[in-house]
Amino acid sequence: MGGAPLWVWRDGQRLTPAMLVDFLALDEEFYQRTGCRLKISSGIRTDEEQERIWYERYVPVWDVRGRKVYDFRWWRGIQWARISPDGTVAPPGSSNHQINLAAGRRGALDLYDTGSDPGILTRGTFRARVFDEIAPKHGYDSEGYAFGENWHKRYNRDPWRAVPAGGGAKPLPVPPPPLPEVLDMATQVIVTVKDNNNRALTDDKRRAAFVDPASGFCCEFSYLTVGDANGWAKQVGMEHGALGFSDAGFDEFVASLAEVRAGKK
């Protein structure tokens with residue numbers, strides 16, 4: 001793959017387009033079988049992100065200083081102690097959350113589901129059994145069972161293979177814009193919450209935009225939770241969260257911004 005990696009986003013987490021297409025198919029079949037959706041708590045990590053998580057949880061053994069130790073790992077010829085209860089972390093450069101095809105690492109996601117009990121986080125439960133039955137046909141497996149991380153799901157296909165945006169497949173997400181570049185220009189965040197038949201939208205069908213009605217500024221993106229939209233709205237000063245629209249209302253609002261930019265309003 002030449003050039004910079006192409007990332008897409010789901011639940012605020014980074015994936016490759018191929019990983020996302022397979023995840024969406026897995027999520028849909030899981031929903032049909034269980035009535036619950038799958039959510040991503042951690043996706044693909046950059047080298048810098050993996051190192052940051054490592055340093056947040058591990059210290060060299062000589063720096064424990066009486067703190068509780070949860071496990072030990074070796075990295076760069078040094079033994080490290082985990083002093084965080086947040087869970088074990090693979091040493092930087094060895095995690096399946098870091099894609100390295102030459103080393104056989106194709107990617108991994110940390111998942112949970114929307115049920116009222118732990119669900120896929122407890123091996124052997126109904127939803128965990130459903131997940132383990134259907135995941136392999138969508139390119140995922142429960143690798144984390146081997147090391148006590150039931151949430152850790154390995155990806156087993158080529159993460160960089162080409163996937164269609166059309167032809168019956170769901171459109172690929174438009175990633176959120178870099179926040180520092182839009183926060184100074186936007187005064188509102190708008191989001192679709194219902195379709196044109198007044199039915200609630202799922203996250204994969206949701207659209208949002210950073211906007212400024214006075215100047216006509218508009219920066220759209222897709223595939224997000226309402227919580228994401230409300231969080232970004234508060235960053236531009238909207239105390240009560242993002243403005244919710246139907247699909248048609250969203251399109252009309254965006255069209256009005258285009259008229260402002262064209263000088264018609």
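## A polar contact of R206

A polar atom of the R206 side chain lies 3.1 Å from the backbone oxygen of T192. A polar contact is a pair of N or O atoms within 3.5 Å; within protein, one atom must be able to donate a hydrogen and the other to accept it, and residues adjacent in sequence count only if both atoms are side-chain atoms. R206 itself belongs to the loop between β10 and β11, and at 6% relative accessibility R206 counts as buried. Buried means under 20% relative accessible area, exposed over 50%, and partly exposed in between (1.4 Å probe, protein chains only). Helices (H or I, at least four residues) and strands (E, at least two) are DSSP runs, numbered from the N terminus.

The model is predicted: local features need pLDDT of at least 70, side-chain atom pairs count only at pLDDT 80 or more, and totals for chains, interfaces and linings use all residues. Residues are numbered from 1 along each chain as its sequence is written, and side-chain values use heavy atoms, with hydrogens and water left out.

## Loop residues with positive phi

N198 is placed, like R206, in the loop between β10 (188-194) and β11 (207-212). Although N198 is not a glycine, its phi is positive, at about 65 degrees. N198 counts as exposed, with 55% relative accessibility, whereas R206 counts as buried.

R76 also has a positive phi without being a glycine, with a value near 55 degrees. This residue is found in the loop between β5 (71-75) and β6 (78-82). At 58% relative accessibility, R76 counts as exposed.

## Helix α2 and its cover

Helix α2 spans residues 47-57, and its buried residues are Q50, I53, W54 and R57. Seen down the axis of α2, these residues fall within an arc of 100 degrees, so they line one face of the helix. The arc is that of the directions from the helix axis to the C-beta atoms. An α-helix has 3.6 residues a turn, so residues three or four places apart point the same way. The cover over the buried residues of α2 includes β4, β5 and β6.

## Aromatic pairs

The whole structure contains nine aromatic pairs. Rings of Phe, Tyr and Trp (its six-membered ring) pair if their centres lie within 6.5 Å; planes under 30 degrees apart count as stacked, over 60 as edge-to-face and the rest as tilted. The rings of W54 and W80 have centres 5.6 Å apart and planes at 65 degrees, so this pair is edge-to-face. Because W54 lies in helix α2 and W80 in strand β6, the pair ties together parts that are 26 residues apart in sequence.

W54 is buried, with a relative accessible area of 0%, and W80 is buried as well, at 7% relative accessibility. W54 and W80 belong to one aromatic cluster, together with Y55, Y58 and W75.

## The surroundings of Y58

Y58, a member of that cluster, lies in strand β4 (residues 58-60) and is buried, at 1% relative accessibility. Leaving aside neighbours within four places in sequence, Y58 is in contact (heavy atoms within 4.5 Å) with D71, R73, W80, A81, R82, T88 and V89. The side chain of Y58 makes polar contacts with two of these residues: with the side chain of D71 at 2.8 Å, and with the side chain of T88 at 3.1 Å. The C-alpha atom of Y58 is separated by 47 Å from that of V254, a residue 196 residues away along the chain.

## A four-stranded sheet

Four strands form an open sheet in the order β3-β7-β9-β8, with antiparallel pairing. Two strands pair if DSSP finds at least two bridges between them. The edges are β3 (38-42) and β8 (140-141), each with a single partner strand, so one side of each is left without a neighbour in the sheet.

Strand β7 (residues 108-113) and strand β9 (residues 152-155) pair in the antiparallel sense over three bridges. D110 has H152, in β9, as its bridge partner. Strands of a sheet pair through backbone hydrogen bonds, either parallel or antiparallel.

## Cysteines

The structure holds zero disulfides, a disulfide being a pair of cysteine sulfur atoms within 2.5 Å. For C218, the nearest cysteine sulfur is that of C219, 7.3 Å away. C218 counts as partly exposed, at 22% relative accessibility, while C36 is buried, with a relative accessible area of 10%.
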